[in-house]
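This briefing looks at one strand and its neighbours, and then at contacts that involve aromatic rings. Please have the sequence and the model open while reading.

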Amino acid sequence: MIFGNIESTDLSTIGHEGVRRAIEWAREHDLAALPNGRNDIDGDALYVNVAEYDSKPFADCKFEAHKRYIDVQVVAAGIERIDSQVLAKCDAGEYDESGDFMLLEGQAATQAILEPGSFAVYFPDDAHKPGIAIDQPSRNKKCVFKVLV
């Protein structure tokens, strides 16, 4: 997991080229103005899924993980908490290959608060539980950059 701010993070410290490209793209575009759904950047190698939703109570959120893609999650509006844990310390459910998605059970090791301008990167060995309300639900717009491993 990597946590930072899209404006102030020194991109030379990020070792994965696709993750650097995603953050650079986020810096250069008005994320709040992006339409919901998939927005292509570089075909299946790099794209961004945009969604609007209400953050939820902790008990209503689930850990997830992906095998083929790295998630670079950037909140364009609102605020949420994302918990994470090393995948190996979680009990994994069945992997949906077509959706590159699996649900997991586990206990959080780290927490990140995402508000506009901040980002969190989750690699295939990072289970993450997004969308957690801080004190009360928040109307969020989030951009999840999908970076092919």
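From strand β10, S118, A120 and Y122 point one way while F119 and V121 point the other way, and all of them are buried, where buried means under 20% relative accessible area, exposed over 50% and partly exposed in between, with a 1.4 Å probe and protein chains only. The model is predicted, so local features need pLDDT of at least 70 and side-chain atom pairs count only at pLDDT 80 or more, whereas totals for chains, interfaces and linings use all residues. Residues are numbered from 1 along each chain as its sequence is written, and side-chain values use heavy atoms, with hydrogens and water left out.

**Strand β10 and its partners**
- Strands are DSSP runs of E with at least two residues, helices are runs of H or I with at least four, and both are numbered from the N terminus; β10 covers residues 118–122.
- Strand β1 (residues 2–5) pairs with β10 in the antiparallel sense over four bridges, pairing requiring at least two DSSP bridges between the strands, and N5 stands opposite S118.
- Strand β5 (residues 69–77) also pairs with β10 in the antiparallel sense, over four bridges, and here Q73 stands opposite A120.

**Charges over rings**
- R38 lies over the face of Y47, at 3.6 Å from the ring centre, the criterion being NZ of Lys or CZ of Arg within 6 Å of the ring centre and within 35 degrees of the ring normal.
- The charged end of K67 sits over the ring of Y95, 4.4 Å from its centre.
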